[in-house]
Amino acid sequence: MNSKTNGHDPELKTTEIRPLTQEEIASFPGQPGSLARRNFMKGSALASLAGAGGLIGGLGLDRAAHADEHKRADDHDGMPEDHVAPGQLDEYFGFWSGGQSGEMRILGVPSMRELMRIPVFNTDFAIGWGITNESKRVLGNDFPRGGDLHHPHMSQTHGHYDGRYLFVNDKAGTRVARIRCDVMRTDKITQIPNVQAIHGLRVQREPRTGYVFANAEFRVPSPNDGRDLDDPKKYQTMFTAVNGDTMEVAWQVIVDGNLDNTDCDYEGKYAASTCYNSEGAVDLAGMMQSERDWVVVFNLKRIEAAIKAGKFNHIGESKVPVVDGRHGSELTMYIPVPKSPHGLNSSPDGKYLTANGKLSPTVSVMAWSKVDSYFDGTLKDPRDAVIAEPQLGLGPLHTAYDGRGYAYTTLFIDSQIAKWSIQDAIDAYAGKKVNYLRQKLDVAYQPGHNHTSLGETRDADGRWLVSLNKFSKDRFLATGPLHPDLDQLIDISGDKMVLVADAPVFSEPHDAVILPSKMMIGKIKRKWDRADPYFAETVAQAKALGVVLEKDNKVIRQGKKVFVYMTSSAPQYGLNSFKVKQGDEVTVTVTNIDSIEDLTHGFCLTDYGINMEISPQETTSVTFTADKPGVYWYYCTFFCHALHLEMRGRMLVEA
Ligand code: CUK
Ligand code: CUA
């Protein structure tokens, strides 16, 4: 042994200097079959999650087992029930929006630990997102430009999360993106034509996703080619349905006013959106003028039928069928609600839709059955679809549900969450003397969205509520003028909401989805499959050049194009150096032939602005021009081995 104490803490020892054996690497906590992990797992209801992840094809939610876990979570020897001990796994996944960072994040709930970041619309030097050829194929040519990601939603089948995809919006770049849940990587980004600023986004629940519904918030001239600049009356926006399987735009609907947030029903018949600018104004005072704006409901079957019957137009260059859903159209229903409504939330029993008043202290509860009645002609006044309008407090923005008949509404101005009974609110609206309000909980400070575990599916389990607050003010150590946002975890399993944790977050989560980690068992890969479509094009190009990626280390020149192929295996690249000429277009392709879980390598080319991640069994490539002569070291950026620092080589560029 070659260890000594470090002089500060006798418990801390420096590591032996020798390459780790494969057995030692395999014994790291978290490795399948590792001792540390197995001891921890003993007797744990989560045992299946870590090691056998790839073996158990569990779908859906085992409620009995889930109840057991609750007991275990509560049974914590005096520790608070959100406490997740070191090495212990979270019961829930949280998929968090990254707001204007343009990324999505994976959190563990209830620990609120950030587990991973998934670059989507942003560039990311750690992963090489926006740098590698594989990511550029997803991002397209028109980047970097960042993004503003508000709303992550997981694909559903019959109103249950199905673990296939997460869909997200980009308000800043008018795009919708899809993230594969098996590898947690963005695989498609679609530019939405004819509109500006995709904000609200939701997924079809029945029979499946299916459609991804996307709201364009801002009204613009149509087409937006320089015409009508000074004539805001001619501006318009559209509701968009994207096909979640192909990520192609299926159709668009022109609406009156604007579109803010969206949701859909549980039967596959309708989608709906809030409008806060029915006035069609272009300034603040104008947008706040009307006492009522509206919720617009889209009749999916009628829209599909209209398109089938050829009753649509094209706008400009776009091939997307566009139908007219403005007032008077049989495709839509406009339900007047007060005042500049924001969030729109379907209740998990499939019966109700709630529009949050924002500038009105109320939320408006609409019944989907009344929407049926409107479209079959028996309900004349669309306002009669509103069956309750509880007064909750100042600045209602979003509502979440617990599956037990209660709703939880964020009050932005009051900095509170109001818990209320849906049935009591309906009874009060009908004239009964009942108090629908159950509790108001102070949050810190100014909440936007809130989200309950499984609350946007039929499986709403009433376990956790997260309040995504916009201000943290004095709650954390100072971080300079820019403060973190503050996400607060609230236990809603009892009669009273109980605040259990504060979690600082980087700008700016708007929304999240929370689901039991059990639901993802067997769905998340722990290393890449060599046949993965994410790098299939790179593999095909190598094959065309006669290169076997898993073993060849060679340089192929085609005129001024140079293809450099190398493997990586801790702690070495397959090529110690390669030589190119100044001005060459160089493509470096690295294949990580290590197959041990978590043994990721990086490839960073010094002074060339290039870094990329190559996880076990992955192939990653990058193309650049060797415009500077000299010696440029490339080195590994993921600490992979005791000799990680020695994992490097030279690019020699001849002048
Ligand atoms: S929006 Cu941000 S708080 Cu973009 Cu869902 Cu309501
Ligand atoms: Cu390979 Cu560090």
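In this predicted model, the space taken by ligand 1 is the second largest pocket, a pocket being, on a 1 Å grid over the protein atoms alone, an open set of points where a 1.4 Å probe fits, with protein on both sides within 12 Å along at least five of seven lines; a molecule sits in a pocket if more than half of its atoms lie within 2 Å of its grid points. Local features need pLDDT of at least 70 and side-chain atom pairs count only at pLDDT 80 or more, whereas totals for chains, interfaces and linings use all residues. Residues are numbered from 1 along each chain, and side-chain values use heavy atoms, without hydrogens and water.

The second largest pocket holds about 400 Å³ of space, and of the 20 residues that line it (an atom within 4 Å of a grid point), the closest to its centre are His342, Lys358, Leu397, Phe412 and Lys470. The lining comprises five nonpolar, 10 polar and five charged residues, and at least two of its residues come from each of strand 21 (396-401) and strand 25 (447-452). Around ligand 1 itself, with a heavy atom within 4 Å, stand His150, His151, His199, Asn261, His342, His398, Gly448, His449, Lys470 and His510. This shell contains nine polar residues, one charged residue and no nonpolar residue, where Asp, Glu, Lys and Arg count as charged and Gly is among the polar residues.

Salt bridges, defined by a side-chain nitrogen of Lys or Arg within 4 Å of a carboxyl oxygen of Asp or Glu, number 40 in the model. In one of them, Glu537 pairs with Arg137, with the closest N and O atoms 3.5 Å apart; because Glu537 lies in helix 10 (residues 536-544) and Arg137 in helix 5 (residues 133-139), the pair ties together parts that are 400 residues apart in sequence. Lys525 and Asp182 also meet in a salt bridge, at 3.5 Å from N to O, and this pair joins parts 343 residues apart in sequence, since Lys525 lies in the loop between strand 29 (512-516) and helix 10 and Asp182 in the loop between strand 6 (175-180) and strand 7 (185-191).

Lys525 is partly exposed, with a relative accessible area of 39%, whereas Asp182 counts as buried at 18% (buried means under 20%, exposed over 50% and partly exposed in between, with a 1.4 Å probe and protein chains only). A further salt bridge links Asp263 and Arg205, whose closest N and O atoms are 3.2 Å apart. Asp263 is buried at 0% relative accessibility, and Arg205 is buried at 1%.

Methods
Chains are lettered from A and ligands numbered from 1 in the order in which they are written. Grid points are joined across faces, edges and corners, and a volume is the space filled by probe spheres set on the points. Helices (H or I, at least four residues) and strands (E, at least two) are DSSP runs, numbered from the N terminus.
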